[in-house]
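Hi everyone, thanks for coming.

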Amino acid sequence: MLAKGLLLYLAAEVAESKTPWLQIIITLVIGVTGAGFASVLNAIFGKKLTDAKADAQIVHNAQEIINELKERLAEVQADSKDKVRELNIEIQELKKTIQEERRLAQEEVLRLKSDIIMRDQEIQNYKQGRQ
Amino acid sequence: MPYRRFAYMTSRHQPYEIMLFIAAVSIGLSYFGETPPKSLEQFMPSWFLTYWYISVLVGGVVGLITLVPKRRTRRELNIVLNIERGALLIITSAIFGYICAILATARPIGSAIVASSLIFGWMSAGIVRLVQIQNSIRKLSEDDNAAARVV
């Protein structure tokens with residue numbers, strides 16, 4: 001509001017100047033000095049805004065990095081779960097194989113035992129026949 | 001070798017610039033005790049004469065203030081360069097107004113040319129320094145943006 005009033009006042013004063021080229025020079029000088037004042041004020045009071053913008057940018061970048069890391073962590077967790085599931089299936093299959101092998105081995109042992117008994121019986125019979 | 005724009009990142013002011021700020025403060029203060037030069041009085045309306053003197057005084061004071069702080073960080077350097085640019089803009093445009101006043105009112109025209117060309121030299125030096133400061137500010141901001149992208 002104050003700047004607008006000042007500009008209107010300056011414009012009215014410039015319009016009352018004697019010649020057009022004087023008006024141009026005055027306008028030019030006022031414009032460039034105004035730009036200088038604006039540069040000074042912006043440097044002094046605009047600092048906080050710049051700081052806030054820079055902070056917001058840093059927070060935004062950090063949030064993006066955090067999101068990216070979360071996504072990668074989720075991917076790694078999903079991969080590890082799949083791996084664990086596969087390993088469990090493999091372990092179950094191995095257990096079944098071991099049980100089957102054990103059963104076969106026990107059958108073989110029983111067969112061999114009965115074979116030994118039969119052989120032993122044959123030897124006894126042979127001995128008795130000789131006597 | 002490819003052309004590279006040279007950025008003036010020095011923390012020191014140039015001697016002419018310090019003298020320009022001191023002269024601007026002296027000229028601005030003289031308004032409160034001395035009669036203004038005839039060329040200015042004849043050329044400028046009274047309200048604009050007051051504005052001109054105040055601008056020169058403010059520009060000089062602000063320019064001298066930029067000599068005081070030590071520039072430790074890039075951000076502080078950026079702020080000081082912006083303030084310095086503002087001070088130079090104010091003083092340079094005021095010098096332009098003075099040149100116009102001399103050329104319009106001083107007679108004979110020969111003496112007007114001699115006086116105005118000396119002041120024109122100061123104004124040109126101010127413009128060159130302004131360009132240097134602008135390049136430094138742009139370079140700083142480009143570097144900061146690149147750093148922000150990396151982060």
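**Around Phe43(B)**

Let's start with one side chain. Leaving aside residues up to four places away in sequence, Phe43(B) touches Trp21(A), Leu22(A) and Ile25(A) from chain A, along with Gly97(B), Cys100(B), Ala101(B), Ala104(B) and Thr105(B) from chain B. Do keep in mind that this is a predicted model.

Now let's zoom out to the core. Phe43(B) is one of the residues that touch the most other members of the largest nonpolar core, which has 43 residues. Leu40(B), Met44(B), Phe48(B), Trp52(B) and Ile95(B) are the others in that group. Which elements give two or more residues to this core? From chain A there is helix H2 (20-45), and from chain B there are helix H1 (15-30), helix H2 (38-43), helix H3 (46-65), H4 and helix H5 (109-150). H4(B) gives the most, with 14 residues.

So, a few words on H4(B). Of its 32 residues, 24 are buried, so this helix is mostly covered. And how does its length work out? Helix H4 of chain B covers residues 74-105, and at 1.5 Å a residue it should span 46 Å. Its end C-alpha atoms are 46 Å apart, so the two values agree.

Finally, chain A. How many helices and strands does it have? Three helices and zero strands, in the order α-α-α from the N terminus on. Buried residues account for 13% of the 131 residues in chain A. The chain exposes about 11,400 Å², and carbon and sulfur atoms supply 62% of that area.

That's my tour, and I'm happy to take questions.

Conventions: Residues are numbered from 1 along each chain as its sequence is written. Chains are lettered from A and ligands numbered from 1 in the order in which they are written. This is a predicted model: local features need pLDDT of at least 70, side-chain atom pairs count only at pLDDT 80 or more; totals for chains, interfaces and linings use all residues. Side-chain values use heavy atoms; hydrogens and water are left out. Helices (H or I, at least four residues) and strands (E, at least two) are DSSP runs, numbered from the N terminus. The expected span of a helix is 1.5 Å times one less than its number of residues. Buried means under 20% relative accessible area, exposed over 50%, partly exposed in between (1.4 Å probe, protein chains only). Accessible areas come from the Shrake-Rupley method with a 1.4 Å probe; for residues, only the protein chains shown count as cover. A nonpolar core is a set of buried Ala, Val, Leu, Ile, Met, Phe, Trp, Tyr and Cys residues joined through side-chain atoms within 4.5 Å. Contact means heavy atoms within 4.5 Å.
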